[in-house]
Amino acid sequence: MRVVVAGSSGLIGTALVAALRRAGDEVLRLVRGPAQAPDERRWDPPAGRIDDGAVAGADAVVNLCGAGIADRRWSQARKQVLLDSRVEPTEVLAAAVAEHGVPVLVNGSAVGYYGDTGPAPADERAAAGEGFLADMCVRWEAATEAAAGARVVLARTAQVLSSRGGLLGPLRPLFALGLGGRLGDGSQFMPWIHLDDEVAALEFLLRNDISGPVNLAGPTPATNAEFTRALGRVKHRPAVFSVPTFALRAVTGDLADEITRSQHVLPEVLRDKGFTFRYRTVAEALAATEAR
Ligand SMILES: NC(=O)c1ccc[n+]([C@@H]2O[C@H](COP(=O)([O-])OP(=O)(O)OC[C@H]3O[C@@H](n4cnc5c(N)ncnc54)[C@H](OP(=O)(O)O)[C@@H]3O)[C@@H](O)[C@H]2O)c1
């Protein structure tokens, strides 16, 4: 397959590009600066431009771009950046997919779509929730509409667990110091997926006739308290206290509200279509991130 990847320098993109190449696929990477390598093609999402020939003839486009959700404290201005860096590029790619008749678009999205589900499990049929992330995901997914003629997958991804970054990036130093603890009261569900399974699932979605929303989340949901206990165990630092929401808010801004929401998300479509997860529990996934 010839696959065009946007956001290829990110955590998931880097791992996906490597996996596709290992499988023998040809990958072209869209870059926002000047193209410097033979596999790079320039695009400028705010200007709505993609290099001639970048998308034509592709078998699939994978869109994994967007400014980092937890990289900075959330302000109104930061929220606008998070939104614009997803919606605009998606519109540009969807239009290119339609123009060049590319048969498949796998587009990033997030389990944030569901908002706060409370303890009730949500699969792909659940409605969008409330809050900034949910609204952002709705607009991000709607931006794929221009690609209506293609098979469009909305890859609603959970927190990706990896030794290379993701959610564990900011939490790791806290645990190393013995300061990591439950967030809020710890009863909220916290969807997770190991990077290897995230990449394998994206490949599975590229190669199988599946369309619409797909939850990329580990098969055994974990509460924040369970997650924190498992993380404490792999770090050999028992998490004995909780981080109060006001302290979290002081550090992260409005992101605190999103982190302490409960998201009991089930990967129903992947399960139904026969995808096999390598890491079935958060404890297994976290242990694997430490082992590397
Ligand atoms: N990691 C997670 O836990 C997680 C969970 C749920 C959803 N997701 C979503 O999945 C996608 C990929 O995640 P990731 O963890 O790989 O993200 P990442 O490491 O932050 O990488 C995202 C990539 O997006 C591109 N990008 C950054 N700012 C941009 C901007 N202003 N406009 C356009 N592109 C921009 C960059 O690639 P280039 O420099 O190559 O353009 C960057 O490497 C993101 O949309 C993310 O929100 C991730």
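The side chain of D25 comes within reach of the backbone nitrogen of M1, at 3.1 Å. Keep in mind as you look around that this is a predicted model. D25 sits in the loop between α1 (11-22) and β2 (26-31), and with a relative accessible area of 9% it is buried. Setting aside neighbours within four places in sequence, D25 is in contact with M1, L20 and R207.

R207 is worth a stop of its own. R207 is partly exposed, at 40% relative accessible area, and its side chain meets that of E203 in a salt bridge (3.0 Å, N to O). Both residues belong to helix α5, four residues apart, or about one turn of the helix. E203, for its part, is buried, with a relative accessible area of 16%.

## The sheet

Now for the strands. Eight of them make an open sheet with mixed pairing, and the order reads β4-β3-β2-β1-β5-β6-β7-β12. The edges are β4 (49-50) and β12 (212-216); each has a single partner strand, so one side of each has no neighbour in the sheet.

Go to β1 (residues 2-6) and you'll find that it runs parallel to β5 (residues 60-63), with four bridges joining the two. V3 is the residue that stands opposite A60 in β5.

## Helices on the sheet

Helix α1 lies across β1, β2 and β5, and runs at about 155 degrees to β2. Helix α5 (residues 195-207) packs on the sheet too, touching β5, β6 (104-110), β7 (151-157) and β12. The direction of α5 makes about 165 degrees with that of β7.

F204 counts as buried because its relative accessible area is 17%, under the 20% cut-off. Leaving out residues up to four places away in sequence, F204 touches I210, L270, K273, G274 and F275. W43 is another matter: F204 and W43 are 27 Å apart in space, C-alpha to C-alpha, and 161 residues apart in sequence.

## Salt bridges

Side chains of opposite charge can pair when their charged atoms come close. In this model the count of salt bridges comes to 12.

One of them joins the side chains of R151 and D209 (3.9 Å, N to O). That pair links distant parts of the chain: R151 is in strand β7, D209 is in the loop between α5 and β12, and 58 residues separate them. How do the two partners sit, buried or exposed? R151 is buried, with a relative accessible area of 15%, whereas D209 is exposed at 70%.

Another salt bridge brings together the side chains of D196 and R278 (3.3 Å, N to O). Here too the pair links distant parts of the chain, 82 residues apart: D196 lies in helix α5, and R278 in the loop between α9 (268-272) and α10 (282-291). D196 is partly exposed, at 21% relative accessible area, while R278 counts as exposed at 55%.

Which residues are linked in a network of salt bridges? They are R21, R29, D39 and E40.

Key
Residues numbered from 1 in each chain as written. Predicted model: local features only at pLDDT ≥ 70, side-chain atom pairs only at ≥ 80, totals over all residues. Heavy atoms only, no water. Buried < 20%, exposed > 50% of the residue type's maximum accessible area, 1.4 Å probe, protein only. Polar contact = N/O pair within 3.5 Å; in protein donor to acceptor, adjacent residues only side chain to side chain. Contact = heavy atoms within 4.5 Å. Pairing = 2+ DSSP bridges. Axes fitted to C-alpha atoms, helices over the stretch in contact; angles between N-to-C directions. Salt bridge = Lys/Arg side-chain N within 4 Å of Asp/Glu carboxyl O.
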